[in-house]
Amino acid sequence: MHIDPARDALIIVDVQNDFCPGGALGVPGGDAVVPVLNRYAERFAAAGAPVFASRDWHPAKTSHFKAYGGVWPPHCVQGTPGAEFHPQLVLPPDAAVVSKGMDPSEDAYSCFQAETGDGMPFLATLGELGVGRVFVGGLATDYCVKSTVVDGVREGFEMVVLADAIAAVDLTPGDGAKALDEMRAAGAQMIRFEELE
Ligand code: VGL
Ligand code: ZN
């Protein structure tokens, strides 16, 4: 597959300490995606295609957390070490960080609910850049990756899942595999790094 900088973008989803082993919501194999994502990011940057990194960026009190009616332990609380990107993640210098989950009444699993530092919605940012196809890797397969991919298809984008750079929470065993099926059924493509030209 050929990267077209005029219409392709990469988004690296939520590669934060809390989603890696040892973190508050550690995803099995969450850190194993880091070196692979670094290669993708390098390739997209070299091609001149935009690279985004999303972060889960919650207030301390949110209905997303168990204590306030949600399903999750506290994680990725704004300004905490758990909310930092994994220390080995290497983002291109002009990568844009988008944040989501700040609203205390929303789960906001999808990057299409994220915004840039100056408050521009992710969708509008893609529109401004003329992006038509979005490559998605990161954490977690069964939550933020899946929601982003399904929303992207719904918004009219071609969505491509980096099958070798994702990992699942698997709250119920099989959730990750089910998410892959759902993304395929929605019309997303799957690729591996070797398939990039
Ligand atoms: C996520 C669970 C809770 C994710 C975020 O990034 O996939 N999962 N919050
Ligand atoms: Zn979260």
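This is a predicted model: local features need pLDDT of at least 70, side-chain atom pairs count only at pLDDT 80 or more; totals for chains, interfaces and linings use all residues.

Residues are numbered from 1 along each chain as its sequence is written, chains are lettered from A and ligands numbered from 1 in the order in which they are written, and side-chain values use heavy atoms, leaving out hydrogens and water.

**The sheet**

- Seven strands make an open sheet in the order E4-E3-E2-E1-E5-E6-E7, with mixed pairing (strands are DSSP runs of E with at least two residues, helices are runs of H or I with at least four, and both are numbered from the N terminus; two strands pair if DSSP finds at least two bridges between them).
- E4 and strand E7 (189–191) sit at the edges with a single partner strand each, so one side of each has no neighbour in the sheet.
- Strand E2 (residues 51–56) runs parallel to strand E3 (residues 96–100), joined by five bridges; Arg55 has Ser99 in E3 as its bridge partner.
- On to the next pair: E3 and strand E4 (residues 115–116) are antiparallel, with two bridges, and Ser99 stands opposite Glu115 there.
- E5 and strand E6 (residues 158–167) run parallel with six bridges, and Val134 is partnered by Met159 in E6.

**The ligand**

- Where does ligand 1 sit? You'll find ligand 1 in the largest cavity (on a 1 Å grid over the protein atoms alone, a set of points where a 1.4 Å probe fits but cannot get out; to sit there, more than half of a molecule's atoms must lie within 2 Å of its grid points).
- Among the residues around ligand 1 are Phe19, Trp72, Tyr109 and Cys144 (each with a heavy atom within 4 Å).
- The shell splits into eight nonpolar, two polar and two charged residues (Ala, Val, Leu, Ile, Met, Phe, Trp, Tyr, Cys and Pro count as nonpolar, Asp, Glu, Lys and Arg as charged, and the others, Gly among them, as polar).
- A polar side-chain atom of Asp14 is 2.6 Å from an oxygen atom of ligand 1.
- A polar side-chain atom of His64 lies 3.1 Å from a nitrogen atom of ligand 1.

- Asp14 has a positive phi of about 50°, though it is not a glycine; Asp14 is in the loop between strand E1 (8–13) and helix H1 (33–47).
- The peptide bond from Leu139 to Ala140 is cis, with omega near -10°, and Ala140 belongs to the loop between strand E5 (133–139) and helix H3 (141–154).

Definitions and conventions. A polar contact is a pair of N or O atoms within 3.5 Å; within protein, one must be able to donate a hydrogen and the other to accept it, and residues adjacent in sequence count only if both atoms are side-chain atoms. On a 1 Å grid over the protein atoms alone, a cavity is a set of points where a 1.4 Å probe fits but cannot get out, and a pocket is an open set with protein on both sides within 12 Å along at least five of seven lines; lining residues have an atom within 4 Å of a point.
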